[in-house]
Amino acid sequence: MTRWLIVALVPSLMLMVGGRANGQTTSLAGVIDFHVHSGPDSRPRSVSDLEVARIAKRAGMRGLVFKNHFTMTADRAWLAMQEVDGIEIFGGVALNHAVGGLNAEAVRQLVAFSGGRGKVVWLPTFDAEFWMTRAGDPGEFIPVMVGGRPDPALGEIFDLIAEHDLVLAMGHSSPAEVVALIPEARRRGVRKILVTHGLGQQPSTEQLAAMVEQDAIIELVWLAIQNGEFALADYAAAIRTFGARHFLLSSDLGQAMSPLHTDGLVAFMEGLRAEGIGDADIDLMIRRNPARLLGLDR
Ligand SMILES: [Zn+2]
């Protein structure tokens, strides 16, 4: 309990420190959070879709992407936009068991739903082979590679992603799988590729370089900082090595005991600034790159 309290307090403390250090408040105007968890969900969440939409709007944010591991979110995104004016909300689908795994029909429905808010296809997350194997989970996983080749079921999925200019997010695939899948996705015309919390799967520098060379965007999430999985210095080092244009910053927040998404994002921006990352680079990673992936800016 004490640990959770500390975890919950860290971002607001950092915000205070950051705010004092440079004598300015950090604005979320124009910011897009590409990784928002909110309820209803089968996991405990801190806020509902509508609550996080209102909070983000009040903070001046430009957009949100609702992520759920088990159900499609394009419909919820559209509904939230009817209630909260002036903010762009998108959804997607994570190809876990709940939607039939590598099931092209789930992607077809994502784009067919009225409202047109479906934008992101995540490869398996909690049901990914790499993720379950690493966690020692004996359950049935969903492979993305079969015999060293991309699973044939991905062909139709990649074609749909290309046809509708969706974002292919790599979910919890291993770095080796990501490196192998990107060329196949490119060959089929996929333009936008996001490596979901890209350091979290512990890629080597060479693997990260291979992803970046193939023009994938690497996602860095605040949640992993909050959990102590990474330090801001780790993120700053990666950004310096490869260049901010290859990265995207998002919160991955929404867990019942976590701070609000907006507080996490402010702490993220303040923290990177304290690590010496410039405002133009932060702007690129938290505003312009997400906007480009979502087709808001060409
Ligand atoms: Zn997440």
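Let me begin with a definition: rings of Phe, Tyr and Trp, the last taken by its six-membered ring, pair if their centres lie within 6.5 Å, and planes under 30 degrees apart count as stacked, over 60 as edge-to-face and the rest as tilted. What we have here is a predicted model, in which local features need pLDDT of at least 70 and side-chain atom pairs count only at pLDDT 80 or more, while totals for chains, interfaces and linings use all residues. Residues are numbered from 1 along each chain as its sequence is written, and side-chain values use heavy atoms, with hydrogens and water left out.

By that definition the structure holds 4 aromatic pairs. One of them joins Trp-222 and Phe-268, a tilted pair with 5.5 Å from centre to centre and 50° between the planes. Trp-222 lies in helix α9 (residues 222-226) and Phe-268 in helix α11, so this pair ties together parts that are 46 residues apart in sequence; helices here are DSSP runs of H or I with at least four residues, strands are runs of E with at least two, and both are numbered from the N terminus.

Trp-222 and Phe-268 lead us to Ser-250 in strand β10, since both are among the residues in contact with Ser-250, as are His-35 and Glu-219 (contact means heavy atoms within 4.5 Å). Ser-250 counts as buried, at 0% relative accessibility.

Which residues coordinate the zinc ion? They are His-35 through NE2, His-37 through NE2 and Asp-252 through OD, at 2.0 to 2.2 Å, donors being N, O and S atoms within 2.8 Å of the metal, or 3.2 Å for Na, K and Ca; water is not among the atoms, so sites may look incomplete. His-35 lies in strand β1 (residues 32-36) and Asp-252 in the loop between β10 and α11, so the pair ties together parts that are 217 residues apart in sequence. His-35 is buried at 1% relative accessibility, and Asp-252 is buried at 7%.

Finally, a search of the whole structure finds 15 salt bridges, each a side-chain nitrogen of Lys or Arg within 4 Å of a carboxyl oxygen of Asp or Glu. One of them joins Arg-62 and Asp-297 at 3.0 Å, N to O, and links parts of the chain 235 residues apart.

Terms used. Buried < 20%, exposed > 50% of the residue type's maximum accessible area, 1.4 Å probe, protein only. Lists of a residue's contacts leave out its neighbours within four places in sequence.
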